[in-house]
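Student: I have just opened a structure that is new to me. Could we go through it together, one topic at a time?

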Amino acid sequence: MTCPAGHTVPLSPASGRHHQRKALFGDRCACCPLRERCTTAEADRILTIRPHHDLMAAARRQAVTDPAWQADYRRWRPPVERGVAWIVARGNRRLRYLGTIKNDAWLPTRAAALNLRILIGLGLTRTNDTWAISPSSA
């Protein structure tokens, strides 16, 4: 890994629970004039690379360059953002129950209800014990 000042350090072998690799810049950061571009940490900079880094970078490249991906994103982003807004609406940012069993059941129930609401809006129907979204609205 190379920092903006041109210091290069090797990545450590994959280790830990998440099999992450680290680049430790150590004392190279102490008096570096470009330090504020790299880190706000009081100690020296440590760069952590997780195993899925390459997949995430490829997904970001696809998001920028693929018109089909962008069209899908524009189509589905509004319902997702509305769903998040519906989940936290009307005081739902705070859990009103004191028991953990009720608290653990609340969010999945609310999310499932909102997902069903979205599917019905997309044309979900039931015919002869079969659920389907009508082709005209998909």
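Student: Which residue in β4 is the bridge partner of R126?
Tutor: The partner of R126 is W131. Please keep in mind throughout that this is a predicted model.

Student: How many bridges do β3 and β4 pair over, and in which sense, parallel or antiparallel?
Tutor: Strand β3, residues 124–127, and strand β4, residues 130–133, are paired in the antiparallel sense, with four bridges.

Student: And how many residues sit between the strands of that hairpin?
Tutor: There are two residues between the strands of the β3 and β4 hairpin, and N128 adopts a positive phi there. The value for N128 is near 50°, in a residue other than glycine.

Student: Where is N128, then, and is N128 buried or exposed?
Tutor: N128 belongs to the loop between β3 and β4. Its relative accessibility is 72%, so N128 counts as exposed.

Student: What about H19, what is its phi?
Tutor: H19 has a phi near 55°, which is positive although the residue is not glycine. H19 is located in the segment before β1, the strand spanning 21–24. With a relative accessible area of 51%, H19 is exposed, the cut-off for that class being over 50%.

Student: Let us step back. How many helices and strands does the protein have?
Tutor: The protein has four helices and four strands. Along the sequence they follow the pattern β-α-β-α-α-α-β-β.

Student: How do β1 and β2 run, parallel or antiparallel?
Tutor: They run antiparallel, and four bridges join β1 to β2. As one example, A23 has L47 as its bridge partner in β2.

Student: Tell me about I46. Where is I46, and which residues does I46 touch?
Tutor: I46 is part of strand β2, which covers residues 46–49. Setting aside residues up to four places away in sequence, I46 touches K22, A23 and L24. The C-alpha atoms of I46 and K22 are separated by 6.6 Å, with the two residues 24 apart along the chain. I46 has a relative accessible area of 48%, so this residue is partly exposed.

Student: Which residues make up the largest nonpolar core?
Tutor: That core has seven residues in all: C3, V9, A23, F25, C29, L47 and I49. As a general matter, nonpolar side chains in soluble globular proteins tend to be buried together.

Student: What percentage of the protein is buried?
Tutor: Buried residues account for 15% of the 138 residues in the protein.

Student: One last point: what share of contacts join residues at least 24 apart?
Tutor: Among contacts between residues at least 6 apart in sequence, the share joining residues at least 24 apart is 31%.

Notes
Residues numbered from 1 in each chain as written. Predicted model: local features only at pLDDT ≥ 70, side-chain atom pairs only at ≥ 80, totals over all residues. Heavy atoms only, no water. Core = buried A, V, L, I, M, F, W, Y, C linked by side-chain atoms within 4.5 Å. Buried < 20%, exposed > 50% of the residue type's maximum accessible area, 1.4 Å probe, protein only. Pairing = 2+ DSSP bridges. Contact = heavy atoms within 4.5 Å.
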